[in-house]
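This briefing goes through one chain by topic. The points below are meant to be read next to the sequence and the structure.

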Amino acid sequence: QHTLDERLDNLGQFVRWLTKNGPLRKGLDPSTAAGSIWTFTSAEVHRLLTVDRGWSGEKYERWLGDVLEAYLLPSPRE
């Protein structure tokens, strides 16, 4: 549990850094953003996609980058 809590704290720091460089997507608060990143980047999600679904590491990396960008950052229309 300590490791999971520490990882969430570190991702909270990442979100604080991110918001110093620009806004989050409209309606997304930093706490929710950190918790969502924590989930998207979990070992369990990685395993589900790469082991259980057979994704390559490259496909997983592309997916994760796309998900994080779409979830965290404002769309060009905002």
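What percentage of the 78 residues of the chain count as buried? The share is 26% of the 78 residues. The model is predicted. The chain has four helices and zero strands, and its pattern along the sequence is α-α-α-α.

**Overall layout**

- Taken along the principal axes, the C-alpha atoms fill a box of roughly 35 × 35 × 15 Å.
- Among contacts between residues at least 6 apart in sequence, 59% join residues at least 24 apart.
- Asp9 and Ala34 stand 25 residues apart in sequence, with 8.2 Å between their C-alpha atoms.
- Asp9 belongs to helix 1 and is exposed, with a relative accessible area of 54%.

**Nonpolar core**

- The largest nonpolar core has 16 residues, of which Val15, Leu24, Leu28, Ala33 and Leu72 touch the most other members.
- Each of helix 1, helix 2, helix 3 and helix 4 supplies at least two residues of this core.
- Helix 4 provides the largest share of the core, five residues.
- In soluble globular proteins, nonpolar side chains tend to be buried together.
- Apart from neighbours within four places in sequence, Leu24 is in contact with Val15, Leu18, Thr19, Asp29, Pro30, Ala33, Leu72 and Pro74.

**Helix 2**

- Helix 2 covers residues 30-40, and its buried residues are Ala33, Ala34, Ser36, Ile37 and Phe40.
- Down the axis of helix 2, these buried residues fall within an arc of 165°, so they line one face of the helix.
- The packing partners of the buried residues of helix 2 are helix 1 (2-20), helix 3 (43-52) and helix 4 (57-72).
- The N-terminal end of helix 2 is capped by Asp29, which has a side-chain oxygen 3.1 Å from the backbone nitrogen of Ser31.

**Helix 3**

- The buried residues in helix 3 include Val45, Leu49 and Thr50.
- Viewed down the axis of helix 3, its buried residues fall within an arc of 105°, so they line one face of the helix.
- Ala43, Glu44 and Val51 are exposed on the other side of helix 3.
- The buried residues of helix 3 pack against helix 2 and helix 4.
- Gly54 follows helix 3 and has a positive phi, near 80°.

**Thr50**

- A polar atom of the Thr50 side chain lies 2.7 Å from the backbone oxygen of His46.
- With neighbours within four places in sequence left aside, Thr50 is in contact with Trp55, Ser56 and Tyr60.

**Aromatic residues**

- The count of aromatic pairs comes to four.
- Why is the pair of Trp55 and Trp63 edge-to-face? The ring centres of Trp55 and Trp63 are 6.1 Å apart and the planes are at 75°, so the pair is edge-to-face, a class that needs planes over 60 degrees apart.
- Tyr60 and Trp63 form a tilted pair, with 6.0 Å centre to centre and 35° between the planes.
- Both Tyr60 and Trp63 lie in helix 4, three residues apart, which is about one turn of the helix.
- Trp55, Tyr60 and Trp63 make up one aromatic cluster.
- Within this cluster, Tyr60 counts as buried because its relative accessibility is 8%, whereas Trp63, at 26% relative accessibility, counts as partly exposed.
- Where does the charged end of Arg25 sit? The charged end of Arg25 sits over the ring of Tyr71, 4.8 Å from the ring centre.

Note on methods: Residues numbered from 1 in each chain as written. Predicted model: local features only at pLDDT ≥ 70, side-chain atom pairs only at ≥ 80, totals over all residues. Heavy atoms only, no water. Buried < 20%, exposed > 50% of the residue type's maximum accessible area, 1.4 Å probe, protein only. Arc of directions from axis to C-beta. Contact = heavy atoms within 4.5 Å. Polar contact = N/O pair within 3.5 Å; in protein donor to acceptor, adjacent residues only side chain to side chain. Core = buried A, V, L, I, M, F, W, Y, C linked by side-chain atoms within 4.5 Å. Phe/Tyr/Trp six-rings, centres within 6.5 Å; stacked < 30°, edge-to-face > 60°. Lys NZ or Arg CZ within 6 Å of the ring centre and 35° of its normal.
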